[in-house]
Each structure stands twice: as C-alpha cells, then as structure tokens.
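Hello,

Here is the structure for your set. My notes on the side-chain packing follow below it.

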Amino acid sequence: MRALIMKDSSSAYYIHCFAHQLQLTLVAMSKKHLDVEDFFCHVTNVLNVIGVSFKRRDLLRHLQAEKLEQLLESGEIHIGRGLNQERGLQRPGDTRWGSHFKTLDNFIVIFSSIIRVLEVIEHGGSTSNERNQAKYLLSEIITFKFIFMLHLMLKVLAMSNELNKILQKRDQDIVNAVEFLNITKKRLQDMRETGWESLLDDVSSFCHMHDIMIPKMDESYFPGKSKRKSSGICYSHHLRVDIFYVVIDVQLQELNDRFDVVSSDLLLGMASLNPANSFANFDKGRIMTLAKCYPNEFDEVHIRDLSYQLDTFIIHMRVGNPKFSNLQGISDLAKALVETNLVETYSYVYLLLKLTLILPVATATVERAFSSMKQIKNEERNNMGDQYLNNCLICYIERDVFTNVSNDVIIDRFQNMKARRGQL
C-alpha cells in the first residue's frame, strides 16, 4: 500500500515505527546468513527442550542457585540490591523487541546450568527421542563454533540494545534517537575494524572456563588448496573470520536500509520546529532540509523565501509575543500563529507546520496497541464487540492515567447513569 501511494505521489511520506524497524533488522540479519540462522535454531531448540516441563525448569533454577552459592563462597560475586537476579528462558521472537539480546545474555550467564540439565535429560530422559535430542544439542553447543557465534551475536546485539530501549520510550526524543542510531552504526564499524582480537579473547576465555576444545589458529591458510586435517582447522578459522565480517556488514547494511536518510531528515526537521523550551531544538539547516523533501510545495524561490522567514521567525518567537513562550508542540505553535494573525507573515513556515502535522509517524505506543489486543481479546472474550473492545483497549493502554481514578468516582459515575434499584 505504501509503495502504491508513493508511486502516485513521491511526497506522501510515512515513517514506520523505529522500534519495529530495528527489530526487523535483527530478524533480517538472523535469516540472511545460514550459520546465524542455524545458531538461533539451536538456541531455540535448547530452550524448548528445557522449558517443556516444570520439572526441568525447576532443575535449572536449582542448579543456578547452587552455582550462585559457590560463587558467593569463593568471593567472585557480591550480594547487593538488584544483583544476582534469576535468569529466565525467554525465547527470541521476531515480533518481541529486544528478545534476541535478552535470550543470548541469559544463555551465557546460565550456560553451565543448561549443560547440566541437558546431561540429565541425556541419561535420564523418559523416551529415547528425548535422550537423543539432548545428546545432539549437547554435541552442538559445547563446540567452539557455537560459543563463537554466541559471543559474536551478543556483542552485535548489545550495540543496538540502548537504541532499542530509547525507541520504546513513551516520550520519544527524536533527536536523541537519531543520534543513538548514528552511534550504533559507528560502534559496529569500529568493531569491524578493531574488534576481532577482543572477540576471540572472550570466546577463548569462555571455552577454557567450560572445558571446550579450542582449535589451532596459528597455521597458514592457503585458499583453493586441498584441506588436509591440519589445514582444515585453519580453514575453519578462516570461515569464522568471514562470518565475523559478514554478520557486521549485514547489520550495518540493514540499519542503513531500514533507517533511510529521508526518514531521519523528516524527523529531525519536525524536531527542529518543536517550540518546547523556547525552541531548544531549532536548527535552520534541518528545517530547510525538511522543506526540500516537498518539492511541489517548495521550489527554489520558496526555499529562498523560507530561509529569510526563518531568520526573523526564530527571533520573534523567542523575544516577541508571550503567547509563544509556553508552547508544548507543533500543533500549539500552529494555533498560536493563527490566533496572533501571523499566518500570512510567516506563510512558508506555517505551510511547513501543516505538512508536518499531517505526516504519519508510527511510534512504539501505536505498535503496543496491536500487542495489547492479544491481551484483551483472548479466547474467552472472542465475541467482544468493537465498541467494548475499544473501551477495554483504552483502559489497558492508558492504564497509567486510570490508576489515578479512584473506585468511588467510577461507582458514582455508574450509579448516576440511570435510576437503579439499589445504591452501590
């Protein structure tokens, strides 16, 4: 639908939710490389096998508790508020923001407990299928390749984790969000250029800790030659180097594709027009770039006139009429210009304000509404009417507001709607 509309009108922009866009980059990355896809498949299978029964989950918790006691006794960790929280078995989901990072972070922390649970299943599973499955998963995850992929993916996902948190905030600061996007890209590029040795050290240290064999990596590699047993290890090492660069390159490419320059220019231009805090985010260059996105409304002559207007406009707004001193958003600014009869004076600025007000921008709040529907319209409420569903969704999504409404107010409101036999 978006493609068809923009084919008809190239300036009919729509900015998709950045939090959802970021999740799409992670999903795309996990499906564009076979080794990454296999890795996440093994992780999901391990979590499914362990999480299939309460008995296995309880065993995992018991083993974590034992491990924690040993670390406390040895002094490797310390007691404190918020420390040593129990780690769960959250599965990575294509539509759950941040789930890939949380899954891998937990997997590393409770790795030894996961191994012991799989060993218990391998020797004491109720069926041969369960025992064989546990044996197979053990053979896959206690390998250098799996540990390498585990640390590589965790490092890559960790670099976008802060960005992911910012994009999910209710009060989203567009300027900060775009800035963190650029920081994420730079960190990935730095890792590509200088992060190989650090990653290899972390992987080797983890393998030593869990008695996992580390292949030799100091022999020469000759591409195109026959791979004997000795050079086969180096060939495997060479492939891991390739995976390292490919994964980072795919992530960078997806970030560039999903977070395109036009969307960033539109959002930064909108933020620059925001009158909050005496136009604290005002940036003439970004506003001019925003105007150039609408060539049908702003030709070369209009762009020049807009530049002149903006120079006068920002001084007027900051030191002129007090009506412009406590504005909170672009809509408030547009109303104030109408009320003070300044629409004609700042005609091009006002036109740009109208264009930004009709620009569709999806945020995490909108995306959460779809997830909320699954919570509200469950199997028991499958026949819920649209109006009742809308009312329930408002109460669920805006629950922070409704917590300030007392039960007495609700009872009085319901009681006064019509005459009733009894008083509530």
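**Aromatic pairs and nonpolar cores**

In this predicted model, the count of aromatic pairs comes to eleven. One of them joins F39 and F40, an edge-to-face pair with 5.3 Å from centre to centre and 65° between the planes.

Because F39 lies in helix α3 (residues 34-51) and F146 in helix α8, the pair ties together parts that are 107 residues apart in sequence. F146 is buried, with a relative accessible area of 4%. F39, F40 and F146 belong to one aromatic cluster, together with F107, F111 and F206.

The largest nonpolar core has 99 residues, and L118, F148 and L337 touch the most other members. Helix α8 (residues 144-159) supplies the largest share of this core, twelve residues. Another core, of six residues, lies apart from it; I376, M384, L389 and I397 are among its members.

Which residues does F148 contact, leaving aside its neighbours within four places in sequence? They are W196, L199, V203, R240, I243 and F244.

One charge placement is also on the list: R57 lies over the face of F54, at 4.5 Å from the ring centre.

Regards

Conventions
Residues numbered from 1 in each chain as written. Predicted model: local features only at pLDDT ≥ 70, side-chain atom pairs only at ≥ 80, totals over all residues. Heavy atoms only, no water. Core = buried A, V, L, I, M, F, W, Y, C linked by side-chain atoms within 4.5 Å. Buried < 20%, exposed > 50% of the residue type's maximum accessible area, 1.4 Å probe, protein only. Helix = DSSP H or I, 4+ residues; strand = E, 2+ residues; numbered from the N terminus. Contact = heavy atoms within 4.5 Å. Phe/Tyr/Trp six-rings, centres within 6.5 Å; stacked < 30°, edge-to-face > 60°. Lys NZ or Arg CZ within 6 Å of the ring centre and 35° of its normal.
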